Amino acid sequence: MRYMAAAGTMITVAPTGAETSKSDAPALPVTLAELVAAAQACAAAGAAMVHVHLRDDSAEPTLDPGRAREAVAALREETDLVVQLSTGGAVGDPEAARIAVLDAEPDSASLSCGSVNFGDDVFVNRWPFMVALYQRMQEREIVPEFELFDLGQVTAMTRLIAKYGPPSGGRLHADLVMGVPGGMPGTPAALVAAVAALPAGASWSATGVGRSTLPVALAALAAGGHLRVGMEDTLTFAPGEPVRDNAQLVERAAALARLAARPPLRPEEARTLLGVKDRRPALARTAHREMP
Ligand code: KMH
Ligand code: ZN
C-alpha cells in the first residue's frame with residue numbers, strides 16, 4: 001500500500017459526462033458558455049483540472065472535432081485549469097471519433113484501460129484501441145489519465161507502459177473510477193486493493209459514482225490520493241437533495257481536503273504533478289494568477 005500522501009490534493013471536476021440527459025439534471029452544463037462558467041466556478045472553488053465531455057445543440061453527447069477545439073480554446077482562454085478531454089465519450093461511440101478528439105490538443109486526455117459493463121451497456125476498450133490511443137498521445141505530447149474501472153485494468157495499464165514506454169511528460173497518473181454498475185465497488189477495501197497494485201511512484205485520484213462519492217473521497221484522502229468529483233458521476237448531494245451545481249461538489253471536496261491537511265493544489269501545481277506541456281499562449285499564463 002502506498003500511503004505516500006501528496007502534500008496537496010489535486011481536484012478534478014468532471015462537470016458533464018455523457019450518460020446523463022439535460023432533462024434529468026437541468027443544472028448539467030451542456031453549452032460551451034455553461035461549460036466555461038462551470039469551469040470558472042469550480043476553479044474558484046479549488047479545482048485544478050477539468051475533465052470534458054461535449055454536447056451538441058440538442059444537449060446530446062458528441063465527439064465533434066470542431067467543438068472539441070472550441071472547448072479547449074475557450075477553457076484555456078477563460079480559466080487556467082488543466083484541460084482534459086474525454087476519449088471515452090458515450091457508451092457505444094466509435095473508436096475513430098474517440099481517437100480524433102486528440103486532434104484538439106488538450107493538455108491531458110482520458111484513456112480507459114479495459115472494457116467494462118456499464119449498467120445495461122458495455123463500455124468497450126479493446127487492447128489495440130488502448131495501444132493506438134496511447135501512442136497517439138505520446139506523439140502529440142498529451143498526458144494520459146488512465147481510467148481504471150476495475151482491478152484488472154491496473155494490470156492492463158502497467159502492461160501498456162511496460163510495452164510502449166512512459167507517457168508524455170514522464171509521470172504516470174491514474175484515476176480509479178469506482179461504483180460503476182459493472183466495475184469495482186466504491187468501497188475503501190476496493191480502493192486499497194487497487195492502490196496497492198499501482199506501479200511505485202504513480203499519482204492517482206479516485207472517483208466514487210453515485211452514493212459511493214463520499215466514502216471514496218474520504219478513503220482516497222486517507223490513502224494519499226487526489227479527488228475527482230462532478231456531475232458526470234454524482235447527481236445527488238445528500239439523500240433527497242439534488243446537486244445544485246458542480247461548484248457545490250468541488251467546494252465539498254476542497255473542504256474535505258483541507259480537513260485532511262492536504263489543501264487543493266493550484267492548477268500550476270497540477271501541471272507540474274502531471275508533467276503537462278504548457279500550450280497556453282504567453283498572455284494566458286499570467287492572466288489567471290489572481291485566482292484563490
Ligand atoms: N461515458 C463513459 C462510458 C472517459 O471519460 O474517458 C466513459 C467515460 C470515460 O466517461
Ligand atoms: Zn468521462
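A: A salt bridge is a side-chain nitrogen of Lys or Arg within 4 Å of a carboxyl oxygen of Asp or Glu. In this structure, Arg244 and Asp245 form one, with 3.0 Å between the closest N and O atoms. This is a predicted model: local features need pLDDT of at least 70, side-chain atom pairs count only at pLDDT 80 or more, and totals for chains, interfaces and linings use all residues. Side-chain values use heavy atoms, without hydrogens and water, residues are numbered from 1 along each chain as its sequence is written, and chains are lettered from A and ligands numbered from 1 in the order in which they are written.

Q: How many salt bridges does a search of the whole structure find?
A: The search finds 17. Another of them pairs the side chains of Arg228 and Asp233 (3.0 Å, N to O).

Q: Are Arg228 and Asp233 buried or exposed?
A: Buried means under 20% relative accessible area, exposed over 50%, and partly exposed in between (1.4 Å probe, protein chains only). Arg228 and Asp233 are both buried. By contrast, Arg244 is partly exposed at 46%, and Asp245 is partly exposed at 26%.

Q: Which protein donors does the zinc ion (ligand 2) have?
A: Donors are N, O and S atoms within 2.8 Å of the metal (3.2 Å for Na, K and Ca); water is not among the atoms, so sites may look incomplete. Here they are His51 (NE2), His53 (NE2) and Glu232 (OE), lying 2.1 Å from the zinc ion. The spacing of the donor residues in sequence is H-x1-H-x178-E. Both His51 and His53 are buried.
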